[in-house]
Amino acid sequence: MNEQSRIIPNNLEAFWMPFSANRQFKQAPRMFVAAKDMHYTTADGRQVLDGTAGLWCVNAGHCRPKITEAIQAQAAELDYAPAFQMGHPKAFELASRLTTIAPAGLDHVFFTNSGSESVETALKIALAYHRAKGDGARFRLIGRERGYHGVNFGGISVGGIVGNRKMFGTLLTGVDHMRHTHDPERNGYSRGATEYGAELADDLLRIATLHDPSTIAAVIVEPVAGSTGVLPPPQGYLKRLREICDQHGILLIFDEVITGYGRMGTAFAADYFGVTPDIMITAKGLTNGVIPMGAVFVKDTIYEAFMSGPEHMIEFAHGYTYSGNPIAAAAGLATLETYREEGLFERAKALEPIWADAIHSLKGTRHVIDIRTIGLIGAIELEPLAGEPTKRAFSAFVRAFEDGLLIRTTGDIIALSPPLMISEAQIGEIVETLKPILDGLD
Ligand SMILES: Cc1ncc(COP(=O)(O)O)c(C=O)c1O
């Protein structure tokens, strides 16, 4: 490790940190300076087990050689190529490779730089698709309470997290929200898809009836809601959404930013649940989090609807300077190779029951009021401190960091999503580290 990187900068003020308690952090900074496989190294030289794959993105583990080498080689060979009206081979190769692991029918890929941009891209494709077909009256977008779809205006409009919306004015018009599916009274301590609540999909019918189905362009959901505390869908819920969408000509969009690339023990959650959306949003694990990149998959019929008109004309007025960036594409190809060579998706599948047993063994621990697991994802919900929501879980986060474990908290929920290379012993370590922390919390 470069010795320079161990030095903590003495001015922390200039950097306005995203989604962070800036003042609190800057009083007691938590800095990582290196990483390898399952561990981070802190500025004071401690090892921290990564229980969250960074931010749900480092699915193959840290600083994996193939990915590092691919990025280095690409940076030295072709650093950048214009994304509009020009191309380079690796973007095409990556798109083709991606379609081979995507659910059948999702045959075209639009590249972006993040989950949020993938969300905006998907919503725009949905609206423009209907218009391209001469069905421009379909302008409504339906999201869901407790949904998280990134931070841009489309995403926060269809999203259902009040704190992410309330500061930003009127948002997009023509948006409505289905009820969320979280029902801890009936589905407490769940493993996999929950037992009760498939009927909540019919909330889409209620909304469709209210507005008339012919005005609805698309419905967007996370197959497993992540950022609002890991909410697995009820059994049959996604299938029912698919049926309703098919009946009424509504596009179904899955936001797989968290669930994609092996997190569920399958390539995508669409495979896990056996439901194929019309548009699938991905990012994060696409490049192992190493270089920003997102990919939106669409069905052939959607792509083809745009391929009309004079051939010299741009078919879809949308794209980013860095769409399909050469270094990101190289990282994506090397990441897919790493997943395949090491059988990481299969590994996650084999670990799912072991993971579930381990996390559920925390049932009965002090403050724990619910536990949910699915794929290699886990949530431990804590009773909030009276009058001070989020504080108890945040204390757990700080103590876990001090004790050598990275967890993530959202509200009073601890969310876990380790790299797929995690060993059984390390799964045990997560639980053994957390238990005394929870026991010792106020
Ligand atoms: C489901 C979902 N969609 C979109 C996003 C936004 O991704 P990004 O932070 O890369 O913009 C996230 C990020 O966690 C997410 O979980």
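In which hand does α4 pass α13, left or right? The crossing is left-handed, and the legends below begin with that helix pair in this predicted model.

**View 1. Crossing of helices α4 and α13 in the predicted model.** Helix α4 covers residues 89-101 and helix α13 covers residues 326-341. Their axes come within 9 Å and cross at roughly 35°. The crossing of α4 past α13 is left-handed.

**View 2. Residues in the contact of α4 with α13.** On the α4 side, the contact is made by Lys90, Ala91, Glu93, Leu94 and Arg97. These meet Pro326, Ala329, Ala330, Gly332, Leu333 and Leu336 of α13. By class, the contact holds seven nonpolar residues, one polar residue and three charged residues.

**View 3. The two domains of the protein.** Domain 1 is made up of two segments, 3-60 and 343-440, while domain 2 runs over 68-341. A distance of 26 Å separates the C-alpha centres of domain 1 and domain 2.

**View 4. The side of domain 1 that touches domain 2.** Here 31 residues of domain 1 are in contact with 29 residues of domain 2. At least two residues of this side of domain 1 come from each of the helices α2 (53-56) and α14 (344-360) and the strands β12 (368-374), β13 (377-382) and β16 (413-416). Helix α14 gives the most, with seven residues. The residues on this side of domain 1 comprise 16 nonpolar, nine polar and six charged.

Conventions:
Residues numbered from 1 in each chain as written. Predicted model: local features only at pLDDT ≥ 70, side-chain atom pairs only at ≥ 80, totals over all residues. Domains from an automatic or database assignment. Contact = placed C-beta atoms within 7 Å. Helix = DSSP H or I, 4+ residues; strand = E, 2+ residues; numbered from the N terminus. Nonpolar A, V, L, I, M, F, W, Y, C, P; charged D, E, K, R; others polar. Axes fitted to C-alpha atoms, helices over the stretch in contact; angles between N-to-C directions. Left-handed = near helix turned anticlockwise from the far one by under 90°.
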